[in-house]
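The following paragraphs lead the reader through a structure, one region at a time. Please keep the sequence and the model in view while reading.

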Amino acid sequence: MRYTGPKVRLSRRAGVPLTRKAVRYFEERPYPPGEHGRKTNRRQTGDYGLRLMEKQKLRWYYDVSERQMRRYWDMALRGTGRSGAELVVLLESRLASLVLRAGLAPSIYAARQYISHGHITVDGRKVDIPSYLVKPGQVIAVRQRSRAMQPFVAAAEGVYADDRIAAYLDVSHADLRFTLVGRPLREQIAIPVDEQLVVEFYSR
């Protein structure tokens, strides 16, 4: 199952801010949530616990269920590159991930919602599946009828955009449109996760 509770709580459990919003809250409370959060010593976590947490961080960062993670892991094993890097590239190639990375949504949760509600098109056709794997050359845009909505007006002004646009995206915020110009490379994807520990978790 996907986590549907308070999102900042996940960042405090993970030990790193997983969303933009979580940065400020995490600075105020950098310890795990709960009654005994202040007394928790993350350094005492065993090898299994460390690997499990890295896997959970990757799940939470991309907002996928355990079942989906297993499916992506199986796909990564069939890939030609390193399995850990392949796993991250697959997760980054999801439509929800790219809508967020392009600056059309403030969070991965908002990106999922926009897609599920039919506001996003791929090559001119509505796609309402957040897990849709985008291929290089495909053009993603906000539907014309949705562009007057406040979140997309803000996106057109670059409110949600990162300081640097990912090298694998060609983005026009004013047009609420972007193109995946090439398959993401692992070194181009900035995430607070050590995927080698995820590989070790699934390979145990």
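Where is the place of His 119? His 119 is found in the loop that runs between helix H7 (108-116) and strand E1 (120-122); helices (H or I, at least four residues) and strands (E, at least two) are DSSP runs, numbered from the N terminus. The model is a predicted one, in which local features need pLDDT of at least 70 and side-chain atom pairs count only at pLDDT 80 or more, while totals for chains, interfaces and linings use all residues. Residues are numbered from 1 along each chain as its sequence is written, and side-chain values use heavy atoms, with hydrogens and water left out.

His 119 counts as buried because its relative accessibility is 13%; buried means under 20% relative accessible area, exposed over 50%, and partly exposed in between (1.4 Å probe, protein chains only). Its side chain is joined to that of Ser 146 by a polar contact of 2.8 Å. A polar contact is a pair of N or O atoms within 3.5 Å; within protein, one must be able to donate a hydrogen and the other to accept it, and residues adjacent in sequence count only if both atoms are side-chain atoms. Leaving aside neighbours within four places in sequence, the residues in contact with His 119 (heavy atoms within 4.5 Å) include Tyr 114, Val 142, Met 149 and Phe 152.

The next topic is the sheet. Five strands form an open sheet in the order E2-E1-E3-E5-E4, with antiparallel pairing; two strands pair if DSSP finds at least two bridges between them. Strand E2 (125-126) and E4 stand at the edges with a single partner strand each, so one side of each has no neighbour in the sheet. E1 and E2 run antiparallel and are joined by two bridges, and Val 122 stands opposite Arg 125 in E2.

Helix H9 (residues 195-203) has as its buried residues Glu 195, Val 198, Val 199, Phe 201 and Tyr 202. Seen down the axis of H9, these buried residues fall within an arc of 160°, so they line one face of the helix; the arc is that of the directions from the helix axis to the C-beta atoms. They pack against H3, H4 and helix H5 (83-92). At the N-terminal end, Asp 194 caps H9, with a side-chain oxygen 3.1 Å from the backbone nitrogen of Gln 196.

Aromatic rings come next. Rings of Phe, Tyr and Trp (its six-membered ring) pair if their centres lie within 6.5 Å; planes under 30 degrees apart count as stacked, over 60 as edge-to-face and the rest as tilted. By this rule there are five aromatic pairs. The ring centres of Tyr 61 and Tyr 62 are 5.1 Å apart and their planes stand at 75°, so this pair is edge-to-face. Phe 201 and Tyr 202 also form an edge-to-face pair, at 5.3 Å centre to centre and 80° between the planes. Ring pairs link Tyr 48, Trp 73, Phe 201 and Tyr 202 into a cluster.

Two loop residues complete the tour. Most residues other than glycine have a negative phi. Asp 63, however, has a positive phi of about 55°; it lies in the loop between helix H3 (47-62) and helix H4 (66-78). Leu 176, in the loop between strand E4 (169-172) and strand E5 (177-180), likewise has a positive phi, near 50°.
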